[in-house]
Amino acid sequence: MACMSVLTRDEAQNRAQLLDVHRYTIELDLTTGDETFDSRTLIRFSARTDADTFVEVKPAELRSVTLDGQPLDTGTLDGNRLPLKNLTAGEHELRVDASMRYSRTGEGMHRFTDPTDGETYVYTQLFLDDVQRVFAAFDQPDLKAVFELTVTAPEGWTVLANGITEHTGEGVWRAAPTPLISTYLVAVAAGPWHSVRTEHRGLPFGIHCRRSLAPYLDTDADELLDITRACFDRYHEKFEEPYPFDSYDQAFVPEFNAGAMENPGLVTFRDEFVYRSAVTDTERQTRAMVVAHEMAHMWFGDLVTLTWWDDIWLNESFAEYMGYQTLTEATRFTDTWTDFGVTRKPWGYDADQRPSTHPVAPENVQDTASALLNFDGISYAKGASALRQLVAWLGEKDFLAGINIHFRRHRFGNAGLADFIDSLAAATERDVHAWADAWLRTTGVDTLVPEPSNGDNVYWHLDITHHADPGIRRAPDPDKDRPGMKHAGTMVSAGGKRPHRIAIGVYDHDLHDAGRLILRNRFEADIPADRNVSFSPGGTRPALVVLNDGDLTYAKIRFDAESLETLRTRLSGLPDPLTRAVVWNALRDAVRDGDLPAADFLDIARAHLPHETDLALVQGVLAFASTHIADRYLTPDRRPAALATLTELCRDLIRRTEDGDHPGLRLIAVRHRIDTAAHPDTIAAWLADGTVPGGPELDPELRWRVLARLAALGAVDEAAIAEESRRDPSATGQEGAARCLAALPDEDAKARAWDAMFGSDDRTDLSNYLFTATAQGFWQPEQADLVRPYVSRYFKDAVAVAARRGPAIAEAAGRWAFPAHAVDAETLGLGQKCLRKADPIPALRRKLVDQLDDLARALRVREA
């Protein structure tokens, strides 16, 4: 494989100073076979001075290149760079004719054949630098241009693109020219789509999916379109700049790596959001949030685009914040911040305490490979939390005024952190530059600790200790001093103290209900960055003090001893689910930091989760209890007792929901009852009967879930898995079968699964989704002895497959195929040796650094 060069910040700045790119005219032919497609590109651009530069393209075959009518030597292509020598100042036309490879990893032009009906679909995912896999381009975000696309597709296909498409006959589709957009935002999706179309405010809206998913999309079409319209209208109330494109299509596409992608006018979503099986209302809320998030990108990212990848937060943090806030304001999903608090914020907290942490707005992202690693819990969850804190501090009126100034100044252009802060400063007298330095340029998590005292026995006092997280004792990073490896896991700066505006909740026991707590008072307070603070709220000392009640800031909190005892007995009696989310997060953090025994967390969950009403909280607490506490933080000899506790907890929830009034809660309980089963009898009976007693009936998702757990327990064989595959021949069924086969406690099954993931036969490489499914099934805590030889093999084989197959598979190998159950010093040592000597590609290196730090944390929790 030819070496592919990543684009550096300096190269991009130099090229942006040299070139103005005006227009791309692109012709794609999707009728040339199953392996490749034809790509012909005309780029009209101008050079400001005489100079040399390059254009990026990753072809299967580069047929011809002409510059201003003169042929260039195709043999000068070096990896993905085609040199353009001796450019003169003035206007130019570059023509590139190439054959390009389809992808099976969700990068570039992904091709998928639906096993249900044999229909084929293709779609582009060009983020971050994969446009080069589809057509030649000056591939950087600040060289915006107009794009005109023509696509030749097989008969019976529909072609979707950024603009309205027209079928001109003989399989040829022409898309309307775009406004000025960045190369990574160009989008095409082609196939025999099932479509539901409508209009809103004079614009065509559409939702699209594979034909085999048509009944499921039709069932939810009204809900999806209602959410789309409601968010669209709410954004027009917030933003003075109108929606900047000519249509709004949402395509649910197969084997998509992300949740969704904000292509202007054609948002692509993973098609698991077209639900084949029962889901909870919280899962519907999550889907709605993704719709709102991607629509926010039409302004944050598409209309105004980052200049370079160090300002990822200007895209993702804003879309994350706006998605949750707008959904709360405009739809029936009014408790979205509870879900954010229990599912997204922990993602940010965890990422910010690893050695790979980075500021929300890092000052220098050196290249595109480094940039790709920063699409993480910091750029999304921490950045959104920082914006929520900014709104609490600044006020929403000034915040929105600054945003609208930003849009006016930079519409259809590019901007960076300094530009945005200047726009905010124009709308307020507050020192937003100092705020940005404290919140966007630092790393780490502050910790707020309450110290209540009885004072003079009439009035109680509250001292709040505010300190930067002391820095979790990390596993050594063998590469922290290696040049060019900042993105791989070194600490950018020490965790800095930040000013916080928080609400403080003060709670008393309800004297009439032994299980409840009553809010006495909730008051707002400013916690300076440089000192601790004291308050005298009045009245006698309360039973419970909750810092950051309402979850307006980003900080870890702790409880005083009396408050913690109150929570042990009355946590479920807190009246507000968002307060309970803050509490559960604090308990989770205390376990991870070794300050609260993991078994205590399980005891609190056992006592209070059966009384919880918020689905996001039930799901979040059960997920942490099972995947972190039972599987990693407790030693193997204590795992059976933890599973028994979780099983009893799920049984309580199932019994509580027998009246049928809480189907979402019952579904969550049934799922986790399956996942924590230590013995096969009960769930095997459910599978045989096709139903849980009292419901629900086992739909495809539940059937595969039961079968996967039975496989891990050694209670089914390959014949049973094959029979279920015949019952469900869909793509999801294929993934379920791969997961089950890899989970079988059999040496031959493990060997086949390992070879499927890490073998070197390009012709039989697993797709990104089948790779992930196989990896998810392979490691089972119950099978530690059986899979022990593969722990040492993992590090060598993961490095090799990542180098051969690229970032998407590298991420999957690092996330899903890592032996997370092997919490021991030997695994930690093997991983550290791999980082020192094996030189994994950046995407895998980042995942390994994070996984090894999590492993070291698990070891410390066990010791504590």
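Analyst: Start with Trp157, which is in the loop between strand S10 (146-152) and strand S11 (158-161). Strands here are DSSP runs of E with at least two residues, helices are runs of H or I with at least four, and both are numbered from the N terminus. This is a predicted model: local features need pLDDT of at least 70, side-chain atom pairs count only at pLDDT 80 or more, and totals for chains, interfaces and linings use all residues. Residues are numbered from 1 along each chain as its sequence is written, and side-chain values use heavy atoms, with hydrogens and water left out.

User: Is Trp157 buried or exposed?

Analyst: Trp157 is buried, with a relative accessible area of 10%. Buried means under 20% relative accessible area, exposed over 50%, and partly exposed in between (1.4 Å probe, protein chains only).

User: What does Trp157 touch?

Analyst: Leaving out residues up to four places away in sequence, Trp157 touches Leu30, Thr120, Val122, Trp173, Ala190, Gly191 and Pro192. Contact means heavy atoms within 4.5 Å. The C-alpha atoms of Trp157 and Tyr121 are separated by 8.7 Å, and these two are 36 residues apart along the chain.

User: Now strand S2. Which strands does S2 pair with?

Analyst: S2 (residues 36-47) runs antiparallel to strand S1 (residues 19-29), joined by 10 bridges, and antiparallel to strand S7 (residues 90-101), joined by 12 bridges. Two strands pair if DSSP finds at least two bridges between them. Val21 stands opposite Phe45 in S2, and the bridge partner of Ile43 is Leu94 in S7.

User: How many residues of S2 are buried?

Analyst: Nine of the 12 residues of S2 are buried, so the strand is mostly covered.

User: What about the turn between S1 and S2?

Analyst: The hairpin of S1 and S2 has six residues between the strands, and Gly33 there takes a positive phi near 130°.

User: Which residues other than glycine have a positive phi?

Analyst: Glu170 is one of them, with phi near 55°, and Phe412 is another, at about 60°. Most residues other than glycine have a negative phi, and most peptide bonds are trans. Glu170 is in the loop between strand S12 (165-169) and strand S13 (172-175), and Phe412 is in the loop between helix H8 (396-410) and strand S21 (413-415). Glu170 is exposed, with a relative accessible area of 74%, while Phe412 is buried, at 17%.

User: And cis peptide bonds, where are they?

Analyst: One joins Phe127 and Leu128, with omega about -5°. Leu128 is in the loop between strand S9 (120-125) and S10. Another joins Gly695 and Pro696, with omega about 5°, and Pro696 is in the loop between helix H17 (681-689) and helix H18 (700-712).

User: What sits at the ends of H12?

Analyst: Asp576 caps the N-terminal end: a side-chain oxygen lies 3.0 Å from the backbone nitrogen of Leu578. H12 is followed by Gly594, whose phi is positive, near 80°.

User: How many residues of H12 are buried?

Analyst: 16 of the 16, so H12 is largely enclosed by the rest of the structure. Arg592 lies in this helix and has a relative accessible area of 4%. A polar contact of 3.5 Å joins the side chains of Arg592 and Tyr633. Such a contact is a pair of N or O atoms within 3.5 Å; within protein, one must be able to donate a hydrogen and the other to accept it, and residues adjacent in sequence count only if both atoms are side-chain atoms.

User: How do H14 and H16 pack?

Analyst: Helix H14 (residues 615-633) and helix H16 (residues 663-675) pack at an angle of about 10°, with their axes 10 Å apart. Axes are lines fitted to C-alpha atoms, for helices over the stretch in contact, and angles run from 0 to 180 degrees between N-to-C directions.
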